[in-house]
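I opened this notebook to record, step by step, what I looked up in the structure shown below.

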Amino acid sequence: DTQVGVSGSAEDIERRREAFGSNTYKKPPTKGFFHFVVEAFKDLTIMILLGCAALSLGFGIKEHGLKDGWYDGGSIFVAVFLVIAVSAVSNYRQDRQFDKLSKVSNNIQVDVVRGGRRQQISIFDIVVGDIVCLKIGDQIPADGLFIDGHSLQIDESSMTGESDHVEVNGNQNPFLLSGTKVADGYARMLVTSVGMNTTWGQMMCQISRDTNDETPLQARLNKLTSSIGKVGLAVAFLVLVVLLVRYFTGHTTDENGNREFNGSKTKSDDIINAVVGIVAAAVTIVVVAIPEGLPLAVTLTLAYSMKRMMADQAMVRKLSACETMGSATTICTDKTGTLTLNRMKVTKFWLGQESMEEGASSISPFVVDLIHQGVALNTTGSVYRASPGTEYEFSGSPTEKAILSWAVVELKMDVEKTKKRCAVLQVEAFISQKRRSGVLIERNDDDTVHVHWKGAAEMILAMCSSYYDASGVVKDLDDGERTKFEEIIQGMAASSLRCIAFAHKQVPDEEYQNLKEQKKLKEDSLTLLGLVGKDPCRPGVKKAVEDCQYAGVNIKMITGDNVFTARAIATECGILKPGQDLSSGAVVEGEEFRNYTPHERMEKVEKIQVMARSSPFDKLLMVQCLKQKGHVVAVT
């Protein structure tokens, strides 16, 4: 029942759980301490050392008696014991810590309707058929369908990497995916699948299979140890053969200068003692050749670096991960929130065809007033100020926040006052197809009706037939002027600014009556008010990228954004060199990459610097290709 929800009785919930599963992800069973000890034993060096220690102990005791003979073998055993203890204990503690953390951070309270009563339950207790109430900022707890709600915008960047919000509604796109977040609006949803059956669950089970890859350092050390071991064994074997041959051909003498071996005259006990002595010498060579300090040194170094990383607020789950990160050859980074702050700021403002650097002072008050109206009344964001002396708080999407803060701080806008002076008659909300939003207002002082639009600059420019300059004079927009404006807009886009334009027109009464009947806003012969550029790059990124490239680490940007934004930001961060472009295959779209044949993919994957419009599966594909090519890949 979409109003009352499931009955909520214990047996009903249990029945649903049995039929559809519970809302938890399958975790590999928690590993006991013993598991980590066994893991530590699997190291090749440790195995060889244990063999040597046993031999050395045996021969040492045989040759020098129990009192002095155990030193060599015993000390190796102690070293091995230390290595295993250190690595097992630290890995075990980290594992426990991670489990605790993820239990706490994943256990979210969710609003559901059960038996007609709205209540909060843990995300793990949700069952198929539950009615969940979603509001701004909530994480969607399971896959499901939209029942009813208002202007629901979903941030699906965790699934698709696409930073633009997706509108979810009853007729066009009713699907809600677990793990995504509500960016705007509110809704009720019906849960249709939980746990491992959700899109997120399926993706997690592809990623979280424990891979038993050796870390690069382990692989190198194992190679080193085994080659030292081989050389040591070869030398030892050679020595053994030479000594035995010399002994049995009678070339060796004892302290008194007598030949040690006289064929059948020599006692068999003497022969055995001599042979054991020779073998012991050979074993000693092997023991000396194998670096027993190596595993211990590596383990201690890693344990230390892990402690240091913890101090930097970086959680490390496995000791060896520190070292893998150190040998990364490629970093695949996301754009939104990693290279960019996801906090936009207005950095350029054009009025007419001149760039305004010094805020509102040089602009005619009439134009400033129009911009105030256009910003304050045509927005989904809001401005809040606790008391006159305090800081402003802005809320809304990153774009809205940027424009509001610019108008309030730079153009001295008073939102409340502006809103009181006008009445909003009609609104056309922002939709991503048209990339613009409009509002029809009536001014209280003279009852005139005005329309204000704002949106993507090229869209707004197409609706205009004239423009204001800084002194408030209206000028005609002929083809030549239009081209100039288009150049300004392209110039801003090329320097990775997102370009927003404002337009305004007073609507005559009779025209307003017509428009009222059609429920439409005036969309033609408007007057362009101004262009605003928002700058999104995070400070310090360019330097970080340069440092990585200088150190020989290749950086690739994988993002859900469109190709133009992606290219502009990649160029700004220094990921793309200015000349590098579409021809060289440095920029591709996710879909294109997905549709390559495996052979093509392997050929092109190293050239690609930027992948735009990509889904998480494209990212996974890319990482797999790079790994096959022998890269060590880190992903943010």
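UniProt positions are given here in the numbering of this entry, with feature names shortened, and such annotations may be inferred rather than shown by experiment. I worked on a predicted model, in which local features need pLDDT of at least 70 and side-chain atom pairs count only at pLDDT 80 or more, while totals for chains, interfaces and linings use all residues. Residues are numbered from 1 along each chain as its sequence is written, and side-chain values use heavy atoms, with hydrogens and water left out.

I first looked up the annotation "transmembrane region", which the unreviewed UniProt entry places at residues 44-61, 73-92, 228-248 and 271-304. Taking helices as DSSP runs of H or I with at least four residues, and strands as E runs of at least two, both numbered from the N terminus, I found residues 73-92 to be 100% helix, with end C-alpha atoms 28 Å apart. Residues 228-248 are likewise 100% helix and 0% strand, and their end C-alpha atoms lie 30 Å apart.

Next I turned to the strands, which pair if DSSP finds at least two bridges between them. Strand β1 (residues 109-114) runs antiparallel to strand β2 (residues 117-122), with six bridges joining them, and D111 has Q120 of β2 as its bridge partner. Two residues lie between the strands of this hairpin, where G115 takes a positive phi near 55°.

Finally I checked the cysteines, counting a disulfide as a pair of sulfur atoms within 2.5 Å, and the count came to zero. For C332, the nearest cysteine sulfur belongs to C625 and is 11 Å away.
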